[in-house]
Amino acid sequence: MIDLHVHILPGLDDGPAGWEGALEMARLAAADGITTVTATPHLFARRLVEMSRLNPADRILAAAAELRSRLKEAGIALEVAVGCEAPLCPEMLELLKDGRLLTVNGHGRYLFLEMPDTAIPPATEEVCFQLLSRGLTPILAHPERHPLFREKPERLIRLLHLGCLAQVTAGSITGDFGWRVSRFTRKLLQAGLVRVVASDAHDSRRRPPELSQAAARLRRWLGEAKAQALVLDNPRKILAGEPLT
Ligand SMILES: [Fe+2]
């Protein structure tokens with residue numbers, strides 16, 4: 001399996017505090033059957049959109065390079081690609097132009113996009129349209145966990161019609177975020193609106209990098225082929241910068 005959305009680089013956001021925590025997450029991921037993760041730190045430390053808190057691209061890339069070498073040293077078989085989780089903000093296009101938005105695996109084709117916790121701003125469609133018209137497809141990070149998408153699913157469907165993709169969190173499938181989230185997640189999956197399932201792991205205990213339990217449930221809900229598309233085939237195409245069919 002490929003886990004496209006993981007906070008595994010230490011010292012950049014609310015992921016692991018140090019390298020030991022990062023390696024522990026990597027061990028868990030490998031033991032769970034995950035062969036590749038994309039390290040997707042929040043673009044802004046503490047998640048607030050403050051330019052002084054922006055994680056510079058070179059720092060994220062250097063942390064990923066260090067993780068790869070530490071994994072090799074520790075004998076942990078896990079590939080690490082890089083991206084980021086960008087918050088929807090007015091500065092987005094400027095950040096993209098300046099090369100400060102890390103797209104998935106550096107292809108300039110896919111970007112993890114997170115809504116503010118308590119709003120889906122009116123400019124969301126416009127910003128997504130602008131990104132799409134530059135050949136960059138926003139992957140909406142865990143819309144099932146957003147109360148306003150649950151209240152008004154038509155807002156999510158409009159963004160998907162525009163060309164955005166939806167990624168749901170493995171824990172939303174297994175019930176970690178409560179029954180409301182779980183029920184909504186199942187509806188989205190059964191309607192074929194979700195293209196990726198990822199762990200959105202932040203540590204090795206509370207939010208670990210695991211997909212196998214969610215994948216087992218996906219197989220029961222959707223069948224083998226659709227389950228595999230969500231945890232392997234689609235993530236592989238996204239990592240390669242290829243379009244999804
Ligand atoms: Fe995340």
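**Basis.** I worked from a predicted model, in which local features need pLDDT of at least 70, side-chain atom pairs count only at pLDDT 80 or more, and totals for chains, interfaces and linings use all residues. Residues are numbered from 1 along each chain as its sequence is written, and side-chain values use heavy atoms, with hydrogens and water left out.

**Three-stranded sheet.** I found an open sheet with the order β1-β2-β3 and parallel pairing; strands (E, at least two residues) and helices (H or I, at least four) are DSSP runs, numbered from the N terminus. Two strands pair if DSSP finds at least two bridges between them. β1 (2-6) and β3 (79-82) each have a single partner strand, so one side of each lacks a neighbour in the sheet. I noted that β2 (residues 36-39) pairs with β3 over 4 bridges in the parallel sense. Valine 37 has valine 80 in β3 as its bridge partner.

**Five-stranded sheet.** I then traced a second open sheet, ordered β4-β5-β6-β7-β8, also with parallel pairing. Its edge strands are β4 (85-87) and β8 (196-198), each pairing on one side only. Between β7 (residues 165-169) and β8, I recorded 3 bridges, with the strands running parallel. Threonine 169 is bridged to alanine 198 in β8.

**Asparagine 234.** I located asparagine 234 in helix α10 (residues 224-239). Is asparagine 234 buried or exposed? Asparagine 234 is buried, at a relative accessible area of 7% (buried means under 20%, exposed over 50%, partly exposed in between; 1.4 Å probe, protein chains only). Leaving aside residues up to four places away in sequence, asparagine 234 touches Arg195, Ala229 and Leu244 (contact means heavy atoms within 4.5 Å).
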